[in-house]
Structures are given as structure tokens and as C-alpha cells.
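Visitor: Show me the model, please. I will ask what stands behind each label.

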Amino acid sequence: MALQFKRRLFGATVAATALLSSGLVFAQAGQTVKIAFMDPLSGPFAVVGQNQLKSWQFMAEHFNKKNAAGVKFEVVGFDNKASPQESLNTLKAAIDQGIRYVVQGNGSGAAAAISDAVTKHNERNPGQEVVFLNYAAVDPALTNERCSFWHFRLDADTTMKMEALTSYMKDQPSIKSVYLINQNYAHGQQVARFFKEGIQRKRPDVKIAGEDLHPLGQVKDFAPFIAKIKASGADTVVTGNWGPDMTLLIKAANDAGLKAGWYLYYGGVSGTPTALANWQGGPVRQVSIIHNGLKSIQDIQNEYKKRFNDDWYTGQTYNGLALLAGAMAQAKSTNPVAVAKAMSGLKVQGFNGEIEMRRLDHQLQQPVIISEWRKATPQVPYSVENTGFNFQEVRTLPSFVASTPTSCQMKRPS
Amino acid sequence: MDASYLLISTLNGLSVGLLLFMLASGLTLIFSMMGVLNFAHASFYMVGAYVAYSITQAVGFWWGLLLAPPLVGLMGAAFERFALRKVHKFGHVPELLITFGLSYIILELVQLIWGRQALDFRPPESLQGPLFTIVQLPAGMQLAWGSPPPMCREVAEAICTTFPAFRAFGMGVAVAMLIAVWLLLTRTRIGLVIQAALTHPEAVESLGHNVPRVFMGVFGGGTALAALAGVIGGALRVTEPSMALAVGAVVFAVIVIGGMGSLAGAFVASVGLGIIESFAVGSDRSIADALRFLGMTVNEQTFGYAVWSVKTSQIAAILPYLLLVLILIFRPKGLFGTREG
């Protein structure tokens, strides 16, 4: 109890300092900005959460050497066990510790819960506002019907990714019959929905050979699903699966000798590259905002590998801190309200060129990239999970092409 | 639904079922001896996988397979000797609670020692490829040993499905174990004493046998079987702290459906559940389809359409529990059980 009390007191002091200093010019320089990271650090998805916590901390170190606002970032990890309910507890713990910036990404369900809770908290506790950076949950609802002023999305959402993916698949005449397999929750359902919508518009001749939704993180043996895909005769599989659900799916496909081509969201996430190392099937392509050949990330990914013997694949960690630093410099403060206002509509230089946090819905506008799993080359030498392979660019859709409309009616603080 | 799909789904179901059986056999043995449901049984399955992983890192997979089960069996025996036996005199509920507590302690210990992340525990090099390939041609089905034959690449109509060698190995281990346990229980003196101690412990004791030691041996043996399943399951699937939770509930469903304490029941229930699940995942039929087949009109306007239109593949994961409930209602002693409740 004593410890908790002290922590709260400390939190209050930090918040008070932040408030007091917000009026001063360049008062933010030298301040420490605490960021609460909440994602699965235990359970089936721990391997992903652990990597991303390290990625955020690694990027914080990178930005602490030099950033636009001159602030120091400190990232504190909280284990939300990938559950929306548990996320509310970790959010409360973070707020009690006086942390005003929250980052989360794994699971659109948890992201929606945090976004709602943050919005409510900010309404009820003026002066103690919290800003939520969603770095990977891609359910379009979060920047459409459920959008919030306090929620900022750093990844490209499913409407953008599917727009890019179907535009690319349109030009692949060998694709005739597609199988959809996804996790049964908001994200997986949206992937299936927007893929069908997009492909029907662009390639009405492509047949949907079958569609499956399986429980999130529960399936340990995908062999029956692969047998089904095989029996359907599909030549291509589209999936938004991530973490072990992706790794085990690929493993089962390889074990059964499935020859189909794959279009994925998360081929580079911890564990999956190792399963892809001796891949025998068709081409594996990924739609994301990053690929291993990007000039701007070479030093970062090499340094990360040297330090942790692991891969840095969450580019959003760079863009998130670049945006925060940019907004703090512009607001001349670390006060969450001022920073959120500055970040809404802000343009900064990200790892993938100029990025813009769209004012309308807080969806980051950035290029979307289709890349393919290939053997490392002298031009793209990086070896993902020491497999000798990596994701190489096959097409990049610039921001203005990848952009999709929004129906967000945002309530802004006065 | 072609022949190769039927064959591969049956094989997949069998391999899952046999893995479940390895777990369920130990649990049901312990239950029939002591009348105690061992809640920590799946935890010993997990410990088996982790211990085997560590041995594999040091001296190779085969030593892991050989040494992990007896090691974990010793742990189980020690737990029986120093904890379970002490609370035996207070009745079944404290015994149940102590195994329940143990499952939490094991989980935390495993996370402390090996971390919270999934481990890279793989089958040995020699068992990583396919055992055989099923080639489906318009003319019929063929089997070929080893990797896909050249025909798979050359003939456009050929659909080739490979069956992983390690899956087959796991099935072989399960069958060998089944035979060994059956022989031990029915054909040896030890088996005779165990069976007698099950029903008439006082009589066996008065004949000069150390019944508590028999109990300890059975508990250790049961946990060793769980650990053996863990070595196969860990390498076949994933070795991670949630692996005990993933199988724990299903194993209880298996032994209740099969009948508490019945080895034959556990076998039929686990293989049955494995095959049912394998085919359920492959089916896109729903209750709405069945009603349509009966000549009723079912569409979006029908009351409760959201429920009727759920596909079998979507409920595959809860089928074991559905069966569990049905069995408890209509045949509480299970398929092969002898005692009520």
C-alpha cells in the first residue's frame, strides 16, 4: 500500500509539474515523458508483445539522443494479456501512476476498449487527460463510427491495406480462386469483409473458394483447416492472422505441402519468419507500411538485431515517437491536451517519408507497401530471424493513393 | 469431398485424438486409483515439454524423449508422497484443492525458469519431412513414400498432400504406450496388485503389499505418461506457458465422456473427439442447412437466424464441451464408465 501511495503521489507531482510548466516557452525541453505500453507480455501472444515493448524502448533511446522537443521518453510495460477487460485494469494502473500517454496495438478489441475508456476518463477528469496512440490495431471502426479525438492510429487501417492489396491482386491474372482464413474477432472479420468488397469491385471474376473464422489464439493445430483449403482448390490464401495464429497456420500449410500463394498482413511478426524459412509453396506477399529494403531503417534494424538478436519490424514505434516529439515541440509543452491538439493534423518526417496525422479521423496518412518473402540479396541483405530471407518491395502505393475516406464525426475539446 | 480429403482429415483427427489419449490415460488411471481428479495433470504435460526442450538443447531430442517422462514421473511421485498423502486423511476435497493449487505453482515456476515466451522446440531433423504424400488424380488416389513425387509438379491436375513424419511418430508412440500400459495392467504381477488395490486396498495390504507405495507409483506413472504426451505435443505444436490450459479442459471432457476411470473409454472418447473436431472444422453446414433439407424455408427474416446459420466449422472448438454436457445429462457414468456420477 505504501508503495502504491508513493507512486500516486509521484504521479501527481509529475502531472502538476507538467501543468505548471506548460505556459513557459520551451518548458518541455529536458522533461521526461512517461509512456505506458500495454500489450500481451504473457500468454500465447507474449512473444509479439515482448518484441514490441523492446522496440518502443529501443526507439525511445534513439529519440532521447535527439528529438524535436528535447524531451526524454520513458516506456513502461504493462501486461494486458491481449484482453479488452485486462486492458482497462492496466489503463487504470497507468493513470494512477501519473502516466498520460498510452500505446497499444495487439488486438482491435483491446484497442476499442482503451479508446472508449480514455475518452470517458478525459471527459470526467479534466486536467488529467490521457492520449492513446494505437500502433497496430487496424479495425476501421476505430477511425470511423467509433472514432475519438484522443485516439491516434499509426498503422494503416484495413480499408487502406485492402485497397492496396486488391489493387495489386487485380494485376495478377494467375489469381482465380481465393480462400479467406481469419481470426474470429473485429479485425479478422473486417479483413474478410473489406477483401470481398474490394476484390468484387476490381476483379469480379475471382471466386471466393471458402471462408473461415477461427477462435483467436486457441487453435494449436491448423492441419484440418489446411486440409479444407486444399479441398477447396483455392490458388491463393488471404489472411490477417498474426502471432502464433499466423506461425502455426504457415507451419501446417508447409507440413501438408499446400502450394497456394499467400497474401498476409503480418508475415514479419516474431515467430512467423522462422516458419517461412523453408517455405515450399507459392509466393508469400505482405501488405504493410514497411519492408526490409527501406534505406531509412537499415541502421535501426541492424542495431536492434545486434543488441537483442531479434527483429525490429514495428515501424510505427519510430513514427509514433516522431509524431509525439513533433507535437510537443509545436505545443511547447508535454501537456496531453496541448500535444493532442498539435498532433491532430501534424505533418512530420517518418521512417517512410512524410506522414500526416489526418485531422478528420486521426488516421495516419502514409504509403502502403506490398512486399514479397525472398532470399536476401546484396541490395537487401537483411536476414529476418536469421533465415537468410526478408521482405522485399514489389509495389508501393503513395499516401494519396492509399488514403481512404472516413465517416468520423469527431468531438473535439474546446 | 474427395477421398484424399477424407483420408487426411481422418489421419489429422487420429493424431490429435491419440495425443489426447496419452494425456487422458494417465489422468483416468490416477482417478480410478485414488478417486481424485488431478487438476495439475495438464501442468505435468507442460513440464514434460519444457524439460524435454532443455534436455534437447543439451544432448538432443531422443534423450529428451527418453529422460523427460521418468524425470517428471519422479516429480509426480514426490508430490504424491510429500503433499497428496498428507491431505489424504482429510477427504477428497482437500486433495482436489491441493492439485488445483499445484497447477498454479507449476505455471508460475515454468514462467520463472523458462520465461513467458514460446520456445523453439522442434522435432528432430530426421523426423521433420513428410512421411508420405497422398496424390489425388482425376483417375484416383495414390500414395507415395517421402517427399512429393515429380508427378506433383508435372501433372497440373494432381493435388498432393503430405503427411508430416513427426505426426505419424507421435501416433506410433501413443499406440505403443497404449499397448504397454494395457499389458502392464493385465498381464503382469504389478498390474494384478494395482488392480486389486483399486477395489480392495485393505485386502491387498493384509497380504503384505505396500498400498501407499502402489499409489505413489501409479501417480508417478500417470504423470510420466502426461510428460510423454508433453514431449510429443510440445514439439508438434508450441511449447509455451499456456499449453497446459489449452489441453487441460479438453482432457477432462475426454475422461468424463469416456467414463471416469475407464482406459478403454478414454481411448474411444479421445480418438472420437479428435476425428469429430477434424471433420467439424472442414464442414460449412449449419442448422439452417439441415432445416432447409427438411423442406423448411430459412432466411434472414427467420427468428434467430444468427444462431441457425452458425457454421459447424465455427463451433468445432466447443463441440467437446457440448458432448460433455449431453453425456452428463443422458449417461452420467460416461460411455464405458462403471460408477454413477
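Visitor: In what order do the 3 strands of the open sheet in chain A run, and is the pairing parallel or antiparallel?

Guide: This is a predicted model. The order is 11-12-13 in chain A, and the pairing is antiparallel.

Visitor: What makes strand 11 and strand 13 of chain A edge strands?

Guide: Strand 11 (347–350) and strand 13 (364–365) each pair on one side only.

Visitor: How do you know that strand 12 and strand 13 of chain A pair?

Guide: Pairing calls for at least two bridges. Strand 12 (residues 353–357) and strand 13 of chain A have 2 bridges, in the antiparallel sense. Glu356(A) stands opposite Gln365(A) of strand 13.

Visitor: Which helix lies across strand 11, strand 12 and strand 13 of chain A?

Guide: Helix 11 (residues 316–331) of chain A does. Its angle to strand 11 of chain A is about 140°.

Visitor: Into which domains is chain A divided?

Guide: Domain 1 takes 2–156 + 297–365, and domain 2 takes 159–288. Their C-alpha centres lie 30 Å apart.

Visitor: How many residues does each domain of chain A give to the contact?

Guide: Domain 1 of chain A gives 13 residues and domain 2 of chain A gives 14 residues. On the domain 1 side, helix 2 and helix 4 (108–124) of chain A each give two or more residues.

Visitor: Where does chain A touch chain B, by element?

Guide: The contact takes 26 residues from chain A and 30 residues from chain B. On the chain A side, helix 2 (46–65), strand 7 (207–214), helix 7 (223–232) and helix 8 (244–255) give two or more residues. Helix 7 of chain A makes the largest share, 7 residues. By class, the chain A side holds 14 nonpolar, 6 polar and 6 charged residues.

Visitor: Which residues touch the most other members of the largest nonpolar core?

Guide: Val102(A), Leu23(B) and Val254(B), in a core of 223 residues. Helix 1 (residues 3–34) of chain B supplies the largest share, 16 residues. Domain 1 and domain 2 of chain A each supply at least three.

Visitor: What is Leu23(B) in contact with, leaving aside its neighbours within four places in sequence?

Guide: Contact requires C-beta atoms within 7 Å. Leu23(B) is in contact with Ala42(B), Tyr45(B), Ala226(B), Ala229(B), Val247(B) and Val251(B). Each of those pairs therefore lies within 7 Å, C-beta to C-beta.

Definitions and conventions
Residues are numbered from 1 along each chain as its sequence is written. Chains are lettered from A and ligands numbered from 1 in the order in which they are written. This is a predicted model: local features need pLDDT of at least 70, side-chain atom pairs count only at pLDDT 80 or more; totals for chains, interfaces and linings use all residues. A nonpolar core is a set of buried Ala, Val, Leu, Ile, Met, Phe, Trp, Tyr and Cys residues joined through C-beta atoms within 7 Å. A residue is buried if 20 or more other C-beta atoms lie within 10 Å of its own, exposed if 12 or fewer, and partly exposed in between; C-beta atoms are placed from the backbone. Helices (H or I, at least four residues) and strands (E, at least two) are DSSP runs, numbered from the N terminus. Domain bounds come from an automatic or database domain assignment. Two residues are in contact if their C-beta atoms, placed from the backbone, lie within 7 Å. Ala, Val, Leu, Ile, Met, Phe, Trp, Tyr, Cys and Pro count as nonpolar, Asp, Glu, Lys and Arg as charged, and the others, Gly among them, as polar. Axes are lines fitted to C-alpha atoms, for helices over the stretch in contact, and angles run from 0 to 180 degrees between N-to-C directions.
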